[in-house]
Amino acid sequence: MPLEIERKYRVTNDAWREQAHQVIPMAQGYLNDTASLDSGAQKASVRVRIQGAQAFLNLKSREIGHTRQEFDYPIPVEEARDLLALCVGGLIDKRRHLVRHGGLLWEVDEFLGENAGLVVAEVELEHAEQAIDLPEWVGEEVTDQVRYYNLALAARPYSHWPDAER
């Protein structure tokens, strides 16, 4: 069973920009919503993503925290565009910046559109207890905070958060 072990952090400054070696534009949406997961009617999010010239259908189990089941399947870009039109909630528009630090590949997601102003960094790990050398531009860990999940951001964008939540 494919597992994703990932930690997610708020980004506190722009120092990561100098270290970014690649930028990938992404558009993604979800074929189900948070209500179907919260109610238990479904146990996985179903995402469609176009990243650069590639597209994927992704299923990710609903567990809160850093370890989840994840299944990722390449699909034709034209089919992904058609599926994005079927998505519920808003679409996520972001730029993923790849940054190497401390022997790990960090993915810094700079959100656009209704989520503009939000920047988070994710790092995938080989095992849950793996030590991480945190970059100086990384702040609060938000791995367990559901509102930072892309599915939640599609339903309730960052621009709708009250100042106290930001």
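**Pocket lining, strand pairing and buried polar residues**

Strands 1, 2 (20–30), 3 (44–51), 4 (54–61), 5 (67–75), 6 (88–101) and 8 (119–124), together with helix 3 (150–155), each supply at least two residues of the lining of the largest pocket. Helices (H or I, at least four residues) and strands (E, at least two) are DSSP runs, numbered from the N terminus. The structure is a predicted model, in which local features need pLDDT of at least 70, side-chain atom pairs count only at pLDDT 80 or more, and totals for chains, interfaces and linings use all residues. Residues are numbered from 1 along each chain as its sequence is written, and side-chain values use heavy atoms, with hydrogens and water left out.

The largest pocket holds about 500 Å³ of space. A pocket is here an open set of points on a 1 Å grid over the protein atoms alone, where a 1.4 Å probe fits, with protein on both sides within 12 Å along at least five of seven lines; lining residues have an atom within 4 Å of a point. The volume is the space filled by probe spheres set on the points, which are joined across faces, edges and corners. The lining comprises 30 residues. Glu4, Glu6, Arg47, Lys60 and Glu70 lie nearest the pocket centre. Strand 3 gives the most to this lining, with four residues. By class, the lining has 16 charged, seven polar and seven nonpolar residues. In this scheme Asp, Glu, Lys and Arg count as charged; Ala, Val, Leu, Ile, Met, Phe, Trp, Tyr, Cys and Pro count as nonpolar; the others, Gly among them, count as polar.

Two strands pair if DSSP finds at least two bridges between them. With strand 5, strand 1 pairs in the antiparallel sense over three bridges. Here leucine 3 has glutamine 69 as its bridge partner. Strand 1 and strand 8 are antiparallel and share five bridges, with arginine 10 opposite valine 120. Strand 9 (residues 138–141) runs antiparallel to strand 1 and is joined to it by two bridges. In that pairing, tyrosine 9 stands opposite glutamate 141. Eight of the nine residues of strand 1 are buried, so this strand is largely enclosed by the rest of the structure. Buried means under 20% relative accessible area, exposed over 50%, and partly exposed in between (1.4 Å probe, protein chains only).

Residues up to four places away in sequence aside, lysine 8 touches Val120, Ala121, Glu122, Glu140, Glu141, Val142, Thr143, Tyr148 and Tyr149. Contact means heavy atoms within 4.5 Å.

Tyrosine 158 counts as buried, at 5% relative accessibility. Beyond its neighbours within four places in sequence, tyrosine 158 is in contact with Arg10, Glu114, Asn115, Ala116, Gly117, Leu118, Leu153 and Arg166. The C-alpha atoms of tyrosine 158 and arginine 147 are separated by 8.8 Å, and these residues are eleven apart along the chain.

Asparagine 115 is found in the loop between strand 7 and strand 8. At 3% relative accessibility, asparagine 115 counts as buried. A polar atom of its side chain lies 2.7 Å from the backbone nitrogen of tyrosine 158. Not counting residues up to four places away in sequence, asparagine 115 touches Ile92, Leu153, Pro157 and Tyr158.

Strand 6 has two antiparallel partners among the pairings considered here: strand 2, through nine bridges, and strand 7 (residues 104–111), through eight bridges. Alanine 27 has aspartate 93 as its bridge partner in strand 6.

Serine 39 sits in the loop between helix 1 (34–38) and strand 3. At 56% relative accessibility, serine 39 counts as exposed. A polar atom of its side chain lies 3.2 Å from the backbone oxygen of serine 36. The backbone nitrogen of alanine 41 also lies 3.2 Å from a polar atom of the serine 39 side chain. Serine 39 and valine 108 are 31 Å apart in space, C-alpha to C-alpha, and 69 residues apart in sequence.

How values were computed: Polar contact = N/O pair within 3.5 Å; in protein donor to acceptor, adjacent residues only side chain to side chain.
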